[in-house]
Amino acid sequence: MNSDSDLQIAGDILAVQHLLQPAREHPATVAEFAGLARSIAADRARWEHLVEYDATSRWYHRLQTGPGYEVWLLSWVPGQGSGLHGHGASSGVLTVLDGALTERTEGGERSLGAGAQRVFAPGYVHEVVNDSLEPAVSLHVYYPGLTEMPMHTAARCTQGSVPGAHESVPA
């Protein structure tokens, strides 16, 4: 084999439940952040009563912060989308809590139903859209906390700073 490593992971590592670690009080690895998102998703009483729907713009609520990370709750009515964007220096975990969302990247399109998770590193560019006829709710974990959201177009990228580290608008 002509590669830097003989170890390769095929498929979605998050689909292999026994490899996922339970969330620690202060997550530090990708698996732990994914576990944090899954534990919050499973605790509907923690977030369900907070969800609001706004027909004019995506609704969002900072649900939790910790050392170096933020957890956001977002709602999406049919037709709402994030626009094509990155997350600056932040990595993240996107988890669909209710409904369905579509993620579009340069590589194609992926449908995400309730329970689906996407993990991404800095530099990852995507668009998230509610293409369904029903509202959707998603949970977003960013580490470090989201401080910028560069917006992209097909022709060029424009840096769009988020208004202050504590007033971030997640996507």
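1. R62 stands opposite W72 in strand β2. This pair belongs to the contact between strand β1 (residues 59-66) and β2, which pair in the antiparallel sense over seven bridges. Two strands are said to pair if DSSP finds at least two bridges between them, and strands themselves are DSSP runs (E, at least two residues) numbered from the N terminus.

2. The structure is a predicted model, in which local features need pLDDT of at least 70 and side-chain atom pairs count only at pLDDT 80 or more, while totals for chains, interfaces and linings use all residues. Residues are numbered from 1 along each chain as its sequence is written, and side-chain values use heavy atoms, with hydrogens and water left out.

3. The hairpin of β1 and β2 has two residues between the strands, and G68 takes a positive phi near 85° there. On the other hand, β2 also pairs with strand β8 (residues 136-143), in the antiparallel sense and over seven bridges. In β8, A136 is the bridge partner of W76.

4. Is strand β2 (residues 69-76) mostly covered or mostly open? It is mostly covered, since eight of its eight residues are buried; buried means under 20% relative accessible area, exposed over 50%, and partly exposed in between (1.4 Å probe, protein chains only). In a regular strand the side chains alternate between the two faces of the sheet. In β2, Y69, V71, L73 and S75 lie on one side and E70, W72, L74 and W76 on the other, and both faces are covered.

5. A separate point concerns three strands that form an open antiparallel sheet in the order β5-β4-β7. Because β5 (108-113) and β7 (127-129) stand at the edges with a single partner strand each, one side of each is left without a neighbour in the sheet. Strand β4 (residues 100-105) pairs with β7 over three bridges in the antiparallel sense, and V129 in β7 is the bridge partner of T102.

6. The whole structure contains five aromatic pairs; rings of Phe, Tyr and Trp (its six-membered ring) pair if their centres lie within 6.5 Å, and planes under 30 degrees apart count as stacked, over 60 as edge-to-face and the rest as tilted. F120 and Y124 form a stacked pair, at 5.7 Å centre to centre and 15° between the planes. F120 is buried, with a relative accessible area of 5%, whereas Y124 is partly exposed at 22%. Ring pairs also link F33, Y69 and Y143 into a cluster.

Definitions and conventions
Helices (H or I, at least four residues) and strands (E, at least two) are DSSP runs, numbered from the N terminus.
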